[in-house]
Amino acid sequence: MKNHLQQHISDRIQQSLGLLENQQLAQDLWHILAEQHFQGFLPQFVVNHLCEKYQLSAKNLALLLLPISASYANPTISHFSVGAVVTGESGSLYFGANQEFCATNIQQTIHAEQSAISHAWMRGERKLTDVTVNYTPCGHCRQFMNELNSAETLHIHLPHSQNNLLHKYLPDSFGPKDLDITCRLFDERHNGLNYRTEDSVILAALNAANQAHAPYSQSYSGVAIQLQDQQIFSGRYAENAAFNPTLPALQVALNYLLLSGNEVENIQRVVMVEQPLTLSYQKMAEELLAYLGEVKLEYILLP
């Protein structure tokens, strides 16, 4: 990726672990993350183990993890790394960080909170209870979080202020309820899309489109990225009541890939499946892929 940080994620994580006051905890985190090939999340049983061993609450562990989460950032425009950690209802913790892409539209950017939230979504989490971030969420991210099925009870934790409900940061909010939308982001869904194929990458993109959240436009899209080692990472479209904080499917897939410890330089194939009733992300996806490298978008239009 042009202007991508040159260091491997393992080097960046090792540097961030050096910032932790408790170096025994840092060593444990290093071994855990290395063993899972630097995938940016901690399963519930690992969270419980670390909290018990170091006499921490899950909230305090998430706060300590912020520098590690921020090491996944690619701040090629802002040069300002933001880290976020979201807590799933399962008790697992999911990392997120800002992902920026030079020489393309600023709308292609992924904010840290969007990164962590979509990361948890793609790993199968069904509800979030907490969002922990190293800087106060911007208005864009507050609106994005308002789309969640747990928005009314979601707690925001910052290094200087914890246990605040989302609606303290977004009073008199506009969201799904104002448009009579009952299906929220993270709710289970199937959009009824069909396409006959045995191609595993196309099927992954189709499955993602079927789980896309697009209650306002009914324009469903999903993306699947295949790496040179044949790993497949998919991404679902995540629409917002205010539209601009919407996260396109390609960004969700790229974010999932990066938070799984992989690099965009290893992308071999990208497929988008889309039913664009009123909105299409084909051209936006093609533009971002052109920035990332030489891989062309395989586009499948559904009626």
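**Exercise 1.** Find what H111 touches, leaving out residues up to four places away in sequence.

*Solution.* Start with the ground rules: this is a predicted model, where local features need pLDDT of at least 70 and side-chain atom pairs count only at pLDDT 80 or more, while totals for chains, interfaces and linings use all residues. Residues are numbered from 1 along each chain as its sequence is written, and side-chain values use heavy atoms, with hydrogens and water left out.

Step 1: look for contacts, meaning heavy atoms within 4.5 Å. H111 touches A97, N98, C138, H140 and C141.

Step 2: place H111 in the fold. H111 sits in the loop between β3 (93–97) and α6 (112–122); helices (H or I, at least four residues) and strands (E, at least two) are DSSP runs, numbered from the N terminus.

Step 3: check the record. UniProt, in an unreviewed entry, lists H111, C138 and C141 for "binding site"; its positions follow the numbering used here, feature names are shortened, and annotations may be inferred rather than shown by experiment. These residues are spread over 31 residues of sequence, yet they cluster in space, with a largest C-alpha distance of 9.2 Å.

**Exercise 2.** Decide for H111 and C141: buried, partly exposed or exposed?

*Solution.* Step 1: take the cut-offs. Buried means under 20% relative accessible area, exposed over 50%, and partly exposed in between (1.4 Å probe, protein chains only).

Step 1: apply them. H111 has 25% relative accessibility, so H111 counts as partly exposed. C141 has a relative accessible area of 1%, so C141 is buried.

Step 2: C141 lies in helix α7 (residues 139–145) and, leaving aside neighbours within four places in sequence, is in contact with H111 and E113.

**Exercise 3.** Work out why helix α9 (residues 200–210) is described as largely enclosed by the rest of the structure.

*Solution.* Step 1: count. In α9, 8 of the 11 residues are buried, so the helix is largely enclosed.

Step 1: name them. The buried ones are V201, I202, A204, A205, L206, A208, A209 and N210.

Step 2: see what covers them. The cover includes β7 (220–227), β8 (232–236), β9 (267–275) and β10 (297–301).

Step 3: peek at the start of α9. There, a side-chain oxygen of D199 comes to within 2.9 Å of the backbone nitrogen of V201.

**Exercise 4.** List the residues through which α10 meets α11.

*Solution.* From α10, L250, Q251 and L254 meet M284, A285, L288, L289 and L292 of α11.

Definitions and conventions:
A polar contact is a pair of N or O atoms within 3.5 Å; within protein, one must be able to donate a hydrogen and the other to accept it, and residues adjacent in sequence count only if both atoms are side-chain atoms.
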